[in-house]
Amino acid sequence: MAGDDDCAMFHHLFFVMSLSGSFVILLYKLTYPIARRYFSHSWRKKILCLSLFFYLVPLSLLKEFVLSQLNIDLPFQYENVRIDLKYTINVQNDQFFLGPGVVAAYIVLLCMAMIAVVVIIKQLKKYGAVYRTYFSRAFHEAPPPQLESMLRQTKEELLIKRPVKLICSKLCDAPMTIGVFKPAIVFPSSDKLNLKSDDNKFILKHELLHIKNGDLLLKFLTLFALAVH
């Protein structure tokens, strides 16, 4: 028979994850005026990644797993422990009984999972529609040689070895990066693009830095954290 301690995960796990991540975000917001002045952009990004880590990783379960692997027993006081039958799982005579509290916990967990799945699928469908639109060859035109040369030079400058596709699309109004595993930089078509401007090199560098730093993957992880919490 299992008591309140066995059902604590259902009640506290996501709460602790949300509270930990939100605490880091709140601390970041409060210290942002000082951090913006004395900390670099990379350090501010690391703090936000730390909050994302707390949102997504169940550290309490990880701690129990590590301690169990080290054969260290968690301290637990058995004196004055009151077992609430509402939160029990009973296995007797090959029959399985769930207390109403456990059933309610499972229902809440199932509802949370369904909401998270719906949010993620909705966002992935929206992203897939944008991806298919910009990768549609019907709206492509050959990238200008000057732009391709700028891309090669900027990749070498930033020490980026992974392949990055350059696309000029008639549907694009402003440069953007798309694709997590097969990244592509989408530029407007030549009639919208000012090839005489040196800004194109800075735009390429900006988009390539997104690819180098894995910002698109972080964006999807953030979406997952938002869906879960």
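Let's start with the open sheet: 4 strands, running in the order S3-S4-S6-S5, with mixed pairing. Keep in mind that this is a predicted model. The edge positions go to S3 (140-141) and S5 (176-178), and each of these has a single partner strand, so one side of each is left without a neighbour in the sheet.

Look next at S5 and its partner. Strands of a sheet pair through backbone hydrogen bonds, either parallel or antiparallel. For S5 and S6 (residues 184-188) the sense is antiparallel, and the pairing covers 3 bridges.

Now bring in the helices. H6 (residues 199-212) packs on the sheet, where it touches S4 (165-169), S5 and S6. The direction of H6 makes about 150° with that of S6.

H5 (residues 145-158) packs with H6 at an angle of about 50°, and their axes are 10 Å apart. The crossing of the two is right-handed. On the H5 side, the contact is made by Leu147, Met150, Leu151, Thr154, Lys155, Glu157 and Leu158. H6 answers with Asn200, Lys201, Leu204, Lys205, Leu208, Leu209 and Lys212.

Finally, move along to H7 (residues 215-228), which has 14 residues. From first C-alpha to last, H7 reaches 20 Å, close to the 20 Å expected at 1.5 Å a residue. Within H7, Leu223, Ala225, Ala227 and Val228 are buried.

Definitions and conventions: Residues are numbered from 1 along each chain as its sequence is written. This is a predicted model: local features need pLDDT of at least 70, side-chain atom pairs count only at pLDDT 80 or more; totals for chains, interfaces and linings use all residues. Side-chain values use heavy atoms; hydrogens and water are left out. The expected span of a helix is 1.5 Å times one less than its number of residues. Buried means under 20% relative accessible area, exposed over 50%, partly exposed in between (1.4 Å probe, protein chains only). Two strands pair if DSSP finds at least two bridges between them. Contact means heavy atoms within 4.5 Å. Axes are lines fitted to C-alpha atoms, for helices over the stretch in contact, and angles run from 0 to 180 degrees between N-to-C directions. A crossing is left-handed if the near helix is turned anticlockwise from the far one by less than a right angle, and right-handed if clockwise.
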